[in-house]
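Reader: Could you take me through some of the labels used for this model, setting each value against its cut-off?

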Amino acid sequence: MPDTRSGGRSSLFAGGLIIAAATLNSVGYALAEPPATTTVTFDIPAGSLADALDRFGEQSGLQVAYDQDLVVGKRAARVAGQFKAEIVLDQLLSGSGISWSYINAKTVVLQSIPAATPEPQQVDSSWRGQSAPGSPKPAGVTQLSEVRVTASHWPSPAGQVSDFALGFNKSLLETPRTVSTISGEQLNLQGISTIEDMLRVVPGTFTTTRYDLQGGINVRSVAADVYFRGMKRLTFQGHARTDLVAMNSLEIVEGPPSPIYGMGAMGGYVNMTPKSARAQSGAYLPELQGFVEASYGSYQNRMAQAGLGQPYSLEGKQGGYYLYALAENSDDFVEQVGVRQKIIQASTSLNNFVGPFRLESGVQYQNSNTSGSYMNRGTQDLVDHGRYITGSPLVSLDSNGDGRIGFLDEHRNSPVVGAVSSGNQPLLQYYAWPINAATGMPYPLGQFPVKAGIPQSMLDYLNQHPEADPTGQLRVQGAGGPLPISGHLPAGFVLDPRTVGYTQVNWHRNGAFERRQDADVWLYYFDLIDDANPEFTTKNQVFLDNLTQTKDSYLPYGEFLDMHALEDKLTVTRRVPALLLPAWLHVDGSGSLRYRLTRAAIISSGDDFDYRQDVMGPNAGRLYPNTSFWNWVDNPSYATGAPATINRKSSYDEFGAGMMVDLNARSGTDLLAGGRWDGAQASGRDYQRFNQGAGTPAAPGGWLPYDSAGGWNSGTSWSLSLSQKLPYGLHPYVTIAQSARVLDDINDVLSVPIINAPGGFVGTSHLKEAGIKASLFDDRLYAATSVFQQTRTDVAPPSSPAGSAYVTRTRAGGVETQLRWAPSKRYELDGYALYQTSKYLLNSQEMVELNGRELGFKDVTDPATGKVIYPAEAFLYGGRTLMTIPPSLLGRYSKRTGDPERQFGLNAFALLGRGFGFHAGGTWLSSTYLDRLQSVVLPSSLVFNAGLSWDMQRLHFKLNGYNIGNELYFRARSTDASNNMATVLPGQRVEFSAKVDF
């Protein structure tokens with residue numbers, strides 16, 4: 001995709017420049033160097049020579065033309081201070097074997113020092129790290145076959161450099177892993193603002209949702225780690241929005257983190273660079289610069305953002321700052337959901353803050369206030385035909401008339417029979433998987449015995465209130481239907497026959513069960529960096545991440561969450577001096593020491609009864625007293641509300657050290673190896689909390705005593721990659737890796753059962769990956785194909801307060817291909833294809849949820865017409881049911897569902913002239929199962945997006961259209977245990993934005 005940085009390298013033929021260079025070379029004409037009397041403030045960090053030349057072009061105003069092969073693999077030392085441009089260019093090229101000369105007053109061209117120059121023997125320019133010292137400026141210029149020009153839009157797709165993916169400064173072509181980048185220009189141009197949008201350009205980032213809150217990111221079917229400027233963040237899944245609008249760029253690495261980063265997730269990790277990271281750019285801006293932007297779109301989508309930066313000098317030291325702010329007040333595709341958020345970023349960079357160390361420091365604050373939603377009462381009929389089962393609960397549970405249902409209200413109006421337990425509650429019942437008496441084997445799903453009749457509790461109620469069954473057709477069915485383990489289905493489960501029926505759904509009326517999800521997130525970073533000498537760099541990073549959240553819902557579930565992480569990481573890189581190595585070998589090394597403290601506390605209550613609400617019912621499908629519950633946040637009273645059922649805190653310290661070595665041979669063979677050891681000291685506490693699955697119907701509930709655990713675990717991580725440079729720009733590679741990970745939950749909490757688990761609270765995952773990357777057609781086409789297999793072991797807390805932790809082990813594998821083709825600076829085409837599968841190898845607690853029809857309830861029909869007057873599902877939509885998959889059927893239901901197994905994406909961009917640009921793209925996703933038991937299929941989808949932009953000096957306008965075909969498509973939940981709910985993705989929408997630079 002386009003990179004519109006003012007100093008990007010293009011992948012174009014600079015025709016006029018080439019002709020001029022060739023002509024001057026043929027006649028031996030020497031250009032006089034124009035005077036460069038202006039002194040400019042430079043701040044160019046150490047790194048690859050190509051990046052340094054980009055920065056030089058930005059800061060000097062000069063264009064630099066060169067053949068890309070001339071600079072591949074070469075590095076430049078840091079330059080900071082006020083200098084003439086010529087002096088800086090000399091310093092950047094010192095020791096590179098490259099000279100420079102002027103083409104005209106604004107353009108210089110680079111070339112190799114002629115062989116006659118008395119320098120050490122030249123080597124293949126693609127041999128990373130080998131160079132010849134000196135940089136004289138000859139009078140003539142040699143002819144170039146192709147040039148790269150800074151201050152142009154398009155870099156070479158394969159030449160983009162990543163210093164994050166594995167901790168070494170390598171191009172994407174050289175990195176032996178699957179890596180994708182999204183530039184700030186891509187984020188802005190294509191309107192990539194949410195996690196859902198990432199899938200347009202990055203394969204494998206399909207992210208199932210947790211109550212439609214787009215916070216977490218999945219890579220290769222599992223939750224990924226998120227980094228902020230190279231430092232690991234807290235978990236955001238289901239807690240706060242991750243807003244990509246505030247980011248300057250994204251880098252997505254598939255597979256476990258580099259051993260120098262610490263323990264982490266197997267699927268992959270995402271590094272986010274914020275817009276405030278431009279503070280370092282501010283150090284060399286000539287004056288105050290900034291922008292203001294506003295956007296408006298469908299569903300009252302309203303957002304404003306602004307940024308500004310400026311250089312400054314402090315006691316003779318050069319520095320810069322950058323400020324950024326965002327405010328959003330939007331509605332949503334779902335009628336009852338809104339998005340209110342504020343983001344503020346501030347950062348500063350100061351050279352020589354302490355000795356040679358540069359300071360990079362900043363802060364970000366975000367307030368995310370939204371609510372969650374799903375389309376409930378999901379069935380295959382609903383997905384395929386939009387036919388929704390309407391109906392309100394039969395029995396009113398709000399007995400005291402206070403407008404909501406409390407814990408005791410449930411027991412008074414939907415009483416259970418027998419002792420209250422985890423599986424015997426007024427609105428939660430466990431069922432046993434039915435067994436075929438003839439074979440002794442469990443029935444497969446879809447073949448459960450169908451049992452006529454209605455629940456006894458429903459029959460009793462209708463006999464007492466015949467007006468609720470005016471035709472008598474329900475009562476004539478008699479008592480029957482499948483029974484839960486308790487032998488009695490409470491009355492709160494069934495829907496009122498007077499309200500039950502079928503209707504066409506309005507997809508905008510998803511159930512907004514969480515009325516408020518208010519999260520405050522702030523972070524702070526303080527980095528000291530010495531990279532003046534690229535041969536030996538030191539970086540110490542201190543990072544503080546914090547999240548506090550209040551979740552107030554209309555369900556019994558309410559939550560207060562408080563999470564904190566403090567990390568200090570010291571990283572040192574060292575290039576082994578050439579004098580100590582044979583001429584054919586080049587060695588880089590990197591090591592890190594890391595300490596991280598993670599503390600989290602959660603107080604929550606109740607359960608989720610998501611199906612009671614009729615989204616197509618009266619009052620536009622909104623909630624009313626018999627579908628609204630008290631929770632701990634609003635009313636923690638046992639008498640009238642819902643006491644806290646979880647009151648938990650944990651803390652764990654991680655101590656670790658890791659190192660990596662990169663051995664690069666002149667033959668093009670590269671061996672990248674690393675290892676890491678981490679230890680973790682954990683403590684967890686469960687304070688006194690309410691146990692709603694205990695007691696008797698007359699005195700339900702009880703209290704669980706204080707419990708605690710502590711312990712020490714450790715784990716090892718390692719990575720080994722071998723790659724080879726071949727002719728025609730081919731780079732095959734193979735990688736194997738192991739990664740350790742602390743098995744905390746989505747709240748960053750280590751619970752007592754997990755700390756006490758026999759296998760410990762540190763898990764291990766493994767990766768095998770092989771691939772080939774290529775840079776073809778004069779570096780205009782970058783292509784990468786990989787095949788992978790990864791296994792992951794987890795320990796999860798029990799569903800019952802008295803239970804033990806259970807183990808899950810999964811394996812995922814697949815093949816993916818990416819390509820980026822930039823035939824000129826005016827056009828670019830990106831595409832990807834992915835096929836992947838994932839399955840459970842082990843899951844010791846297989847709890848799933850079924851609806852009434854699947855369990856064996858029978859439709860009630862009108863005998864005269866045969867018309868269904870009471871669907872089988874309506875017998876259970878007032879509550880929830882759970883059952884355990886029998887061991888003999890686990891093989892049949894071992895597939896992990898929710899992620900489409902086949903994914904394709906294609907995006908194109910074109911500059912049309914006169915400042916106009918156009919982009920278009922599409923994403924195709926195969927059908928996928930909504931649930932573990934494969935009972936509901938979410939259909940395949942093909943979604944198109946397109947946009948038009950116009951840029952004229954400081955004015956920038958864009959109009960984007962999303963899902964322009966108005967495709968109806970869905971996403972599964974983050975859990976595959978239920979088929980009753982799915983997220984409906986937004987339909988056709990547009991967004992217009994205007995931006996002014998100053």
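Author: The structure holds 30 aromatic pairs, a pair being two rings of Phe, Tyr or Trp (its six-membered ring) whose centres lie within 6.5 Å. This is a predicted model, in which local features need pLDDT of at least 70 and side-chain atom pairs count only at pLDDT 80 or more, while totals for chains, interfaces and linings use all residues. Residues are numbered from 1 along each chain as its sequence is written, and side-chain values use heavy atoms, with hydrogens and water left out.

Reader: Why is the pair of phenylalanine 228 and phenylalanine 543 called stacked?

Author: Planes under 30 degrees apart count as stacked, over 60 as edge-to-face and the rest as tilted; phenylalanine 228 and phenylalanine 543 have 25 degrees between the planes and 6.3 Å centre to centre, and are stacked. Phenylalanine 228 lies in strand β14 (residues 225-228) and phenylalanine 543 in strand β28 (residues 536-553), so the pair ties together parts that are 315 residues apart in sequence; strands here are DSSP runs of E with at least two residues, numbered from the N terminus.

Reader: What makes phenylalanine 228 count as buried?

Author: Buried means under 20% relative accessible area, exposed over 50%, and partly exposed in between, with a 1.4 Å probe and protein chains only. Phenylalanine 228 has 3% relative accessibility and therefore counts as buried, and phenylalanine 543, at 1%, is likewise buried.

Reader: Why is the pair of tryptophan 677 and tryptophan 712 called tilted?

Author: Tryptophan 677 and tryptophan 712 have 35 degrees between the planes, with 6.3 Å centre to centre, and this angle falls between the two limits, which makes the pair tilted. Tryptophan 677 is in strand β32 (residues 669-686) and tryptophan 712 in strand β35 (residues 707-724), 35 residues apart. Tryptophan 677, at 40% relative accessibility, counts as partly exposed, and tryptophan 712 is partly exposed too, at 44%.

Reader: How do you know that the charged end of arginine 896 sits over the ring of tyrosine 840?

Author: A charge sits over a ring if NZ of Lys or CZ of Arg is within 6 Å of the ring centre and within 35 degrees of the ring normal. The charged end of arginine 896 is 5.8 Å from the centre of the tyrosine 840 ring, while arginine 229 lies over the face of tyrosine 525 at 4.0 Å from the ring centre.

Reader: How do you know whether threonine 881 is buried or exposed?

Author: Threonine 881, in strand β44 (residues 880-884), has a relative accessible area of 4% and is therefore buried.

Key
Helices (H or I, at least four residues) and strands (E, at least two) are DSSP runs, numbered from the N terminus.
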